[in-house]
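Visitor: I am new to this structure and would like to learn how to read it. Could you take me through some helix pairs and some cavities?

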Amino acid sequence: MSPVVVVVILIALVVAESYNFNVEFPRHGVSVSASEAAFVMALVELGPTWTAVLRAVAVGGVCFAQRISPAKVVANTAVAVLEVAVAVALLSLLPVGQLAAPLTWFSYLVAILLATMVGGALIRLAIIATQGYPGSILWTSMFLAAATVTPMAVVVGLSVFLLVEATPWSLVLVLPLMGGLVLLYRRFAGVKRGGEDLQKVYAFARQVQQIASHEDGTRRMVEAIRELLNAERVALWLPPYLDEEPRLLVASDDGGAWYEGPSDPDDLFRRRATTGAHGGPVLVSLARATEEEAAALARRGARDLLAAPVATAAGEPGYLEICDRRSDVVSFADGDRAALDSMLTHVNAAIRQQQLLTQIRYDADHDRLTGLPNRQRLAAEIDQLLAADPVSGRAGLILASLDNYTEVTDTLGHAASDELLLVTAGLLREHAPPQALVARMEGDQFAVLLPGLSLPATERAARRLREATSTRARVAGLDLEVTLTIGVAAAPVHGADAGTLMQRADVALLAGVGKSGVASYHPVLDQQSLRRLQLGTELEQAMADGDISVVFQPIIDARTYDIVAVETLVRWAHPRYGSIAPDEFIHLAEQIGRIGPLTDHVLDRALARCRRWLDQDISLSVAVNLSARCLTEPDLVDRVQRALRRHGVPGELLTLELTEGSVVDDSVRSSTVLADLHALGLRLSMDDFGTGYSSLSQLRQLPIDEVKIDKSFVLGMSTSQGESFIARSIIELAHNLGLRVVAEGVEDELTRDLLAEMGCDKLQGFLVSRPLPDERLESWILARAGVRSAVPGMPHRRLFVRS
C-alpha cells in the first residue's frame with residue numbers, strides 16, 4: 001500500500017466532506033455530500049481498517065474546522081466509522097469478485113447505499129430525540145440523497161478507480177472532470193438554497209400579513225424573522241416615537257434577554273448599517289472579520305451577524321440585527337443577506353403601520369396643537385384616580401381659560417391665537433406641580449389635575465399657578481398679556497366622577513370671569529348663573545323671533561369644483577349678550593332638554609333652502625349637524641321624515657353630520673336609529689373624524705357614508721409632513737371601507753391641491769367660502785358660481801365654482 005495513495009484518498013475524502021449540500025432544521029442540520037465516491041475508492045484500495053481511520057480523520061477534521069460543537073464532532077465521526085463497518089459487513093455477505101464485473105459494482109453500490117442510509121437514519125433519530133419531529137423533509141432529504149447523490153458518487157468512484165488502474169495518465173482527464181462535477185454540484189446547491197431563500201421571503205410576507213395590528217405585533221414580527229432565518233438571536237431597536245421611549249425587542253432562546261450592541265449608537269455594526277454606506281444589509285462572519293469587527297462580535301458572543309436599517313416614521317432609522325444560525329452546519333451567506341433585504345420591505349411596511357396606529361392612538365387622547373392630553377384622556381385619568389380609592393381618594397381640578405383669546409383670534413387670526421395657546425401650554429407645564437397632569441380641553445380652555453390635593457390646597461395651587469403664568473409674551477410680533485381665569489373643583493367634596501367634577505369646575509370658571517380670576521365651585525353657583533338661566537328661558541322665543549338663524553358654508557367636489565352641498569350652521573344674535581358661541585347654547589339646549597326643537601329649527605331652515613334650489617332646477621344637498629342627545633330621542637326618525645315630506649325634498653339631498661362620540665356610544669350602537677335614518681335615503685356623515693372617539697374599524701359596523709377629517713389635521717398640512725401623513729392615511733383607509741371623505745378647514749391653495757392629490761372627495765373651508773347667511777349666499781353664488789347642465793339621466797342642474 002503506497003503512502004501516496006493513502007494521502008490522495010485522504011485528500012479526496014476531505015474535499016468530498018467539505019463540499020456538501022446542507023438540509024437545515026431549527027437547531028440542527030444534515031449535510032448531504034458526494035463523499036461516497038472517495039469512500040468506495042478507499043474500500044477497494046485500502047481495505048476496511050484504513051478506510052475507517054481515514055474517514056474518521058476526514059470527517060472529524062472537517063467538522064472541527066467548521067467549528068461544530070465537540071459533541072457533534074464525536075457523533076459525526078462515530079457515524080462515519082459505523083458506516084464503514086456496515087458496508088464491510090454487507091460486502092462480506094455479497095458476491096465480490098473482479099472490480100470490472102458488473103456484479104461487483106452492484107455489491108459495492110448496495111453496501112455503501114445501505115451503510116449511508118443507516119448513518120443518515122441515526123443522525124435523524126438524534127435530531128428527533130433532541131428537538132422533536134420537524135416534518136417529513138427530515139426523511140425526504142435522506143431518501144433523495146439515496147436515490148440520486150449516493151449511486152452517482154459510487155459509480156463515479158469505481159469508474160475513476162478502474163481508469164487509474166488501467167493507466168495512471170487517465171488522471172489528466174479524470175481530475176478536470178471531477179473538478180467540473182464539484183463545481184456543478186456547488187452550483188446546484190447554490191440554486192437550491194436561493195430557492196429556499198425566496199420561499200422564506202414569501203413565507204415571511206404571509207406571516208407578517210397575519211400578524212394583528214396591536215402592541216405585540218412588532219415583537220411577533222421579530223420572532224418571525226428569527227424563525228425564518230433560523231437565528232439564535234434577533235434584535236430590533238426602534239427610536240423614540242411620540243410619547244414612547246426607545247424600544248429594544250430581542251427574540252432569543254434565553255427568553256429575550258438584552259445583550260449589548262443594538263442599543264448603543266456608537267456600536268460598529270449599528271453605525272455601519274444605519275449610515276447606509278453598504279447599500280443593503282451588512283454581513284459579517286468571524287472567520288473573515290477584521291480585528292474591530294471581531295471585537296464587536298465578541299461583545300455579542302456571536303460568530304455571524306446580519307444587520308440592516310429599518311425605516312420608521314420618527315425620522316431616525318431603526319436597527320435590525322440577526323446573530324448566528326441555530327444550525328451549526330450552516331452559517332449566514334449572501335443568500336441570507338439578499339433574503340433579509342427582501343424581507344425589509346415587509347418589515348418597514350409593518351413598522352410604519354404599527355407607528356400609524358400608535359399615532360392614531362396618541363391623537364385619540366392628545367391635543368394636536370399643544371401635544372397635551374385632551375378632554376377624553378383627562379376624564380379617564382380622573383376616573384382612574386378616584387376609582388383607585390373610592391372612599392378617601394382626593395383630587396383637585398383646575399380649569400383655566402385665556403382672557404384675551406377671542407380678541408386675539410378676531411384681530412390677528414387663528415395662527416396668532418394658536419401661538420398664544422402654545423405659549424400658555426408651555427407656561428402651565430413649567431409652573432404646574434410635578435405630579436400634575438396638564439391637559440387642553442377645547443378652544444381657550446386648559447385643565448390641571450392635581451392628585452391627592454384637598455379643596456383648600458387646590459385653591460392655593462390655583463392662585464399660585466395664575467400668578468406664575470401671568471406674564472407678557474411675544475405673539476405675532478406683538479407683546480401680549482397672558483392672563484388666566486380659573487375655576488376650581490375638588491373630589492370628593494364636589495363629585496366622585498370625571499363628568500361631575502369637570503362640569504362643576506366649568507361652573508366655577510364661569511363664576512370667575514370678571515371677578516378675582518379664581519373661583520371655586522359652590523352649589524349656589526348653579527342658581528346664580530343668571531346668564532345661563534336667561535339663555536335657557538329665551539331659547540324657544542329666540543327661535544320664534546328669528547334671533548337664532550342659520551348660515552351656510554359651501555362644500556365643493558375636490559376634482560370638478562362642483563358645489564355639491566352646503567353645511568348648515570346655527571347662530572344666535574342675542575339682543576343683550578351679542579353673538580353667543582354655538583357650542584355654548586347647543587350645550588345649554590342639551591342640558592335643559594331643548595336640543596330637539598333647536599335641531600328641528602335648523603333642519604327646517606336647511607330644507608327650505610334646499611327646496612328653493614330645487615324650484616330653480618338646481619341640485620344641491622344640505623348638511624345638518626345632529627347632536628348626540630338627539631340620537632337618543634325616540635321620535636327623531638319620524639320628525640326627520642316629516643320634515644322631508646313637508647318641504648318635498650328627497651332624502652338623498654340631506655346629510656346628517658354626527659359626532660364621533662354619539663356614533664360609538666353603546667346605547668346608540670345597540671339601537672336601530674342610525675339604520676332607520678339611513679333607510680330614509682339620506683346620508684350619514686361622521687363629523688370631526690380623528691379627534692379621539694372612534695376608529696375606522698368601528699365604521700364597518702355602522703351605516704356611515706362619509707367621514708369629515710377634522711380641521712386640526714388639515715390646517716397644518718401645508719407645513720407639516722406628519723399632518724399630511726395622517727390625512728392621507730385616513731383618506732386611504734376610508735376609501736378602502738367604501739366611504740367618501742370631506743376635508744374641512746381648507747384655507748389655502750397648497751392644502752387644496754395636496755388633498756386633491758390624495759384623492760379626497762370634497763373640500764370645505766375659508767378658501768372656498770366662509771359661512772354665509774342666506775341672502776349673502778345668493779350673492780356669492782351669483783358672483784362666484786356658474787350653473788352646469790344636468791348630467792344625462794339626472795333631472796337637476798349643478799352649481800360649480802368658476803376659476
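Guide: Gladly! Let us begin with the handedness of a helix pair: the crossing of α20 and α21 is right-handed. Please keep in mind that this is a predicted model.

Visitor: At what angle do the axes of helix α20 and helix α21 cross?

Guide: They cross at roughly 30°, and the axes come within 10 Å. Helix α20 covers residues 595-615 and helix α21 covers residues 636-647. Angles under 35 degrees count as roughly parallel, so α20 and α21 are roughly parallel to each other.

Visitor: Which residues of α20 and α21 meet?

Guide: From α20 come Gly-596, Asp-600, Leu-603, Asp-604, Leu-607, Ala-608 and Arg-611. Their partners in α21 are Arg-639, Val-640, Ala-643, Leu-644, Arg-646 and His-647. Sorted by class, this contact has six nonpolar, two polar and five charged residues.

Visitor: And how do helix α8 and helix α11 pack?

Guide: Helix α8 (residues 217-229) and helix α11 (residues 334-364) pack at about 170°, their axes lying 11 Å apart. An angle over 145 degrees counts as roughly antiparallel, and therefore α8 and α11 are roughly antiparallel to each other. On the α8 side the contact is made by Gly-217, Thr-218, Met-221, Ile-225, Leu-228 and Leu-229. On the α11 side, Asp-336, Leu-340, Met-343, Val-347, Ala-350, Ile-351 and Gln-354 take part. The class count for this contact is nine nonpolar, three polar and one charged.

Visitor: Now for the spaces inside. How many cavities of 30 Å³ or more are there?

Guide: The count comes to two.

Visitor: What lines the largest cavity?

Guide: Its lining is made up of Ile-555, Ala-565, Ser-621, Ala-623, Thr-655, Glu-657, Arg-683, Glu-706, Val-742 and Lys-762. To place them in the fold, look at strands β18 (621-626) and β19 (654-659), which each supply at least two residues of this lining. By class, the lining has four nonpolar, two polar and four charged residues.

Visitor: Which residues line the second largest cavity?

Guide: There you will find Leu-238, Pro-239, Tyr-241, Glu-244, Glu-245, Arg-247 and Gln-355. They divide into three nonpolar, one polar and three charged.

Technical notes. Residues are numbered from 1 along each chain as its sequence is written. This is a predicted model: local features need pLDDT of at least 70, side-chain atom pairs count only at pLDDT 80 or more; totals for chains, interfaces and linings use all residues. Side-chain values use heavy atoms; hydrogens and water are left out. Axes are lines fitted to C-alpha atoms, for helices over the stretch in contact, and angles run from 0 to 180 degrees between N-to-C directions. Helices (H or I, at least four residues) and strands (E, at least two) are DSSP runs, numbered from the N terminus. Angles under 35 degrees count as roughly parallel, over 145 as roughly antiparallel, 65 to 115 as roughly perpendicular and the rest as oblique. Contact means heavy atoms within 4.5 Å. Ala, Val, Leu, Ile, Met, Phe, Trp, Tyr, Cys and Pro count as nonpolar, Asp, Glu, Lys and Arg as charged, and the others, Gly among them, as polar. A crossing is left-handed if the near helix is turned anticlockwise from the far one by less than a right angle, and right-handed if clockwise. On a 1 Å grid over the protein atoms alone, a cavity is a set of points where a 1.4 Å probe fits but cannot get out, and a pocket is an open set with protein on both sides within 12 Å along at least five of seven lines; lining residues have an atom within 4 Å of a point. Grid points are joined across faces, edges and corners, and a volume is the space filled by probe spheres set on the points.
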